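Please read the following report alongside the sequence and the coordinates. It goes through confidence, the two chains and the contact between them.

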Amino acid sequence: MLRIAAVLIGLIFATAAGAAPLERDPTLRGLCGNAAASGEAADRLLSATPTLSPDDLAFADAAIGGLLSKKLVCPAAPTDPVALKADTGAVDLATGAPLAALPKGKAPVVSLKNRAKFERLAAALALLAAPNAAARAAALEVLAKSAADVPADLFAAAAGREPDPALAARISSVADLASLYGTDIDKRVAAVARLAEGENRRVLTEIEALRADPAYASEPAFAAAVDAAAAKVSGAIAIGNAAATLYNGLSFASILFMASIGLAIIFGLMGVINLAQGEFIMIGAYVTYVVQEGLRALLPGLLDWYLVIAIPFAFLVTALIGIALEASLIRHLYRRPLMSLLATWAVSLFLINLVRVGFGTQNLQMETPFYITGGIAIVGDFIMTWNRLFAIGFAALTLAGTWFLIRRSGIGLDIRAVTQNRDMAGCIGIPTRRVDMLAFGFGSGLAGLAGLALSPIYNVNPQMGTNFIIDSFMVVVLGGVGSIAGTVIAALGIGQINVLIEPIWGAVAAKVIVLALIIAFLQWRPEGFFTVAGRRK
Amino acid sequence: MTNFTRRSIIKAAGVAGAGLVLPLSAPNIIRSARAADTVKLGCLFSSSGTMANIEGRLNFVVKMAADEINAAGGVNGKMIDVLTSDPASDWPLYAQIGKQMLQQEGVAALFGCWTSVSRKSVLPVVEQSNGLLFYPLHFEGDENSKNVVYVNSPPASSVLPAVDYLMSDEGVSAKRFFMLGSDYVWPRTINKQLKGYFASKGIAETAWKEEYVPLGFSNFQTLVNQIRAFADEEGGQPVVILTCVGSSIPDFFREFINQGIKATDVPVLGLDVVEADLEGLDTAPLVGHLNCWAYLQAAEGPANEKFLADWKGYVEKNAVPYRADVSIDPMVSAYDSVHLWAMAAAKAGSFDVPEVTKAFDGLSFDCPSGYKIAMTAENNYVSRGVFIGSVNEAQGFDILWQSEDTPKPVPFSPFG
């Protein structure tokens with residue numbers, strides 16, 4: 001009965017749209033079948049999309065959307081209807097009628113091959129029927145990637161319906177790519193030029209393949225177009241690769257810099273070998289997590305901005321812990337560097353286990369707000385990822401803040417004075433004890449900020465700090481103990497060299513080579529890049 | 001107030017500190033208080049260090065299985081007493097504690113190790129004391145000791161079926177392979193065997209690429225760039241075979257997402273990826289990536305329902321610090337191990353290792369995976385089912401494919 005009604009409704013709409021009606025129930029049963037049947041149903045549906053009525057488009061969209069989001073329930077019994085889970089209850093998908101109860105069954109697991117088909121199908125449906133232009137444009141991007149697998153009349157149909165003239169032109173442009181392998185040489189030349197707008201390796205591979213085409217030998221215009229396109233695309237790729245290397249180096253450098261700037265203050269300016277520095281980074285990340293959870297509970301609207309809101313908390317909490325540590329432990333050990341090394345190591349183990357008891361060993365679930373998700377293609381194959389850009393920007397701001405505080409503020413002047421000559425600074429009335437405490441707190445707070453900046457990039461767990469301690473000592477020693485400029489240059493150098501070596505000899509060799517280079521450099525200049533006159537003992 | 005001199009505070013702090021430290025510095029092995037007439041089993045799973053998060057939960061599974069057996073009357077008239085320890089993810093410490101357990105505590109069997117390097121470290125100890133070690137992880141094979149029971153699958157019955165699936169029409173017709181692993185024995189051996197396998201299938205050497213990163217590596221930008229470049233070359237569908245372990249796994253996936261690669265573009269077959277590795281990740285952009293194990297939480301059947309309910313109950317009753325709703329393959333394998341040992345000991349009527357080993361022939365057990373797992377006289381391998389999982393939105397895996405029965409384990413790979 002229901003099925004007849006469905007066919008009737010379908011017929012009415014079909015007549016209105018002047019197209020063949022979609023056989024909904026068989027389509028759904030096909031989608032619910034095994035991988036092969038499901039894939040075939042998707043293929044049939046895709047080739048039918050250009051002629052579907054608006055009602056059938058909405059139906060197909062619901063079915064494919066339901067499949068991909070696992071809201072589609074395939075019934076165990078063939079007599080039960082294929083259902084779609086709704087916010088309240090369920091609907092019979094073929095008829096749209098609400099169902100009293102969800103039929104017994106399960107959401108099918110989509111195989112990888114079919115997932116690609118369904119995603120293409122969902123994009124085709126969105127291009128034809130999505131209400132907003134941005135969604136249609138996004139769908140076009142998906143389809144353009146695999147234009148060869150899309151029926152040609154789909155683009156024609158979509159361009160005909162498209163109300164936005166700019167988007168309609170883009171649709172036709174993608175459609176024209178299909179004539180790349182046609183017979184009309186003028187169209188082919190135009191298609192090559194359009195293809196070259198893509199400027200990535202995938203396009204280059206396709207263009208290079210055209211050199212084997214018979215037309216390349218027989219038609220000089222075509223050959224010239226292919227050569228020009230290949231040159232244009234490979235030029236863009238070369239620029240993109242260089243930019244990617246620079247960007248990757250810069251982003252790695254920003255991480256190294258964030259991890260080591262706090263140590264540059266504590267070890268560099270104060271001469272304390274603080275092995276708990278990594279744990280301050282970890283605590284900064286945990287404070288960020290606590291702020292995130294607090295926002296989730298109290299101000300869910302601001303949850304996306306937790307990384308910004310947590311900045312003062314991450315800094316202050318770790319700074320206070322640092323000050324407490326300095327006042328209770330470190331100040332007794334200023335004249336005994338070996339003891340301070342052992343004591344801070346103990347503190348590091350203590351903090352790790354404290355966090356482990358308090359939060360557990362698992363990786364924390366950090367939200368990824370929209371502004372650090374994904375990336376944007378710049379040129380060639382260079383994708384600028386937002387989370388790395390966030391880290392780079394954060395490092396730049398931290399550098400500016402640190403530089404200002406040390407070079408331009410009163411307390412900075414005091415810190416520099418105490419560093420250069422503690423006794424003389426004391427004689428002229430600088431409260432050296434308080435300066436020590438503040439400097440240590442500042443160095444710890446910077447590590448806390450590092451934890452915040454690294455939390456969207458790395459796993460946050462009690463162990464995370466130990467990964468950074470070696471790298472940060474490496475940067476500080478190479479840069480020249482006590483020099484902020486040295487820290488920056490060392491971080492940039494190590495980051496860039498790592499990224500340059502990695503693709504050639506692999507990540508393991510990159511680490512070895514970088515360490516060997518540092519050893520060689522320190523043989524030549526034991527004091528690092530920059531030297532600051534200070535109380536080295 | 002005046003009484004609080006600095007000295008008295010330090011003294012008080014010292015006493016408080018000693019109070020805190022003493023219970024922690026108790027001997028390594030934690031014994032439960034049980035009377036005589038018990039048989040001891042030892043666990044070698046780290047609850048601190050890099051492996052803590054995934055390995056630590058296996059201690060509790062072994063205890064849970066022992067409780068089950070004890071509730072049913074024990075083995076040979078004796079109750080099982082489980083000793084746990086913490087080798088702290090420090091490979092040589094596994095051997096040291098293993099030796100202590102075998103020689104001083106006289107445990108009837110050991111259950112332990114996750115990484116192959118820890119197993120290799122314990123191996124000489126169990127062989128020397130003629131002990132018995134149940135190893136619950138799938139691994140690189142190429143080892144066959146009479147003192148180790150390999151409860152999980154060698155590559156021939158885990159990795160190769162998954163690669164076959166990827167290469168098939170039903171999978172993605174994979175033609176090219178980017179092998180990315182952590183730099184130690186398991187990934188290198190697996191990749192060596194895979195290369196042999198590809199060669200035997202007539203796949204050209206240009207169709208694969210092999211890269212290694214140090215353990216704990218996290219900066220995957222350049223490598224993901226390389227994967228994109230590899231994927232854009234000609235020659236057919238590329239896939240990534242990921243043998244990274246530990247914290248590198250989520251870091252890799254995070255970079256993979258950010259560079260905008262989807263499973264439908266380049267699928268990743270993560271050989272060591274379990275549900276616990278996806279904790280803390282938004283898995284929506286990862287949907288479709290694959291793993292392969294001898295058990296997945298989504299396995300159907302009453303045995304799995306019972307196991308999941310038992311684990312949930314055990315976690316809640318004993319306040320176990322792990323998630324009650326996550327169950328991973330090595331947990332089930334550890335659970336199977338205890339039952340297999342108990343069945344063998346009961347069959348032999350003895351706890352002597354040679355007797356128990358002899359009794360392995362013909363044992364079978366209804367594993368929570370839904371397969372009847374079995375052992376033969378040929379070797380100490382257990383034949384298990386094969387699952388291929390596909391990452392879903394809920395930080396778990398859906399079953400994409402599973403074998404019809406349990407393939408016969410092949411300890412030594414013919415491919416390398």
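## Terms and model

Two strands are taken to pair if DSSP finds at least two bridges between them. Helices (H or I, at least four residues) and strands (E, at least two) are DSSP runs, numbered from the N terminus. This is a predicted model, in which local features need pLDDT of at least 70 and side-chain atom pairs count only at pLDDT 80 or more, while totals for chains, interfaces and linings use all residues. Residues are numbered from 1 along each chain as its sequence is written, and chains are lettered from A and ligands numbered from 1 in the order in which they are written.

## Confidence

The model scores ipTM 0.80 and pTM 0.83.

Among the elements of chain B, the lowest mean pLDDT, 45, belongs to helix 1 (residues 6–24), and the highest, 96, to strand 4 (residues 133–135). Residues 12–27 of chain B have pLDDT below 50, and beyond near neighbours in sequence this stretch has 0 contacts in the model, a contact being a pair of residues whose C-beta atoms, placed from the backbone, lie within 7 Å.

## Chain A: domains and a sheet

Chain A is divided into domain 1 (2–138) and domain 2 (255–374 + 386–466), with bounds that come from an automatic or database domain assignment. The C-alpha centres of these two domains of chain A lie 54 Å apart.

An open sheet of chain A is formed by 5 strands in the order 4-3-2-1-5, with antiparallel pairing; strand 4 (98–99) and strand 5 (105–106) of chain A are its edge strands, each pairing on one side only. Within chain A, strand 1 (residues 72–75) pairs with strand 2 (residues 83–85) in the antiparallel sense over 2 bridges, and V73(A) has A83(A) in strand 2 as its bridge partner.

## Chain A: the surroundings of V357(A)

V357(A) is part of helix 15 (residues 337–359) of chain A. Is this residue buried or exposed? V357(A) counts as exposed because it has 11 C-beta neighbours inside 10 Å; by the cut-offs used here, a residue is buried if 20 or more other C-beta atoms lie within 10 Å of its own, exposed if 12 or fewer, and partly exposed in between, with C-beta atoms placed from the backbone. V357(A) and P462(A), although 105 residues apart in sequence, are 9.6 Å apart in space, C-alpha to C-alpha.

In chain B, 7 strands form an open sheet in the order 7-6-8-9-10-14-15, and the pairing is mixed. Its edge strands, strand 7 (208–213) and strand 15 (397–402) of chain B, each pair on one side only. Strand 10 (residues 290–293) and strand 14 (residues 387–391) of chain B run antiparallel over 4 bridges, with N291(B) opposite G389(B).

Helix 6 (residues 159–167) of chain B packs on this sheet, touching strand 8 (238–243), strand 9 (268–270), strand 10, strand 14 and strand 15 of chain B. Because 7 of its 9 residues are buried, helix 6 of chain B is largely enclosed by the rest of the structure; the buried residues include V159(B), Y165(B) and L166(B). Helix 7 (185–200) of chain B is among the elements that cover them.

Strand 11 (residues 364–366) of chain B pairs with strand 12 in the antiparallel sense over 3 bridges, and D366(B) has K372(B) as its bridge partner. The hairpin of these two strands of chain B has 5 residues between the strands, and there G370(B) takes a positive phi near 100°.

Strand 12 of chain B is also joined by 2 bridges to strand 13 (residues 382–383) of chain B, in an antiparallel arrangement, where M375(B) stands opposite V382(B). A hairpin through 6 residues connects strand 12 to strand 13 of chain B.

## Contact between the chains

The contact takes 40 residues from chain A and 44 residues from chain B. On the side of chain A that touches chain B, helix 21 of chain A gives the most, with 7 residues.

Technical notes
Contact = placed C-beta atoms within 7 Å. Axes fitted to C-alpha atoms, helices over the stretch in contact; angles between N-to-C directions. pLDDT = per-residue confidence, 0-100.
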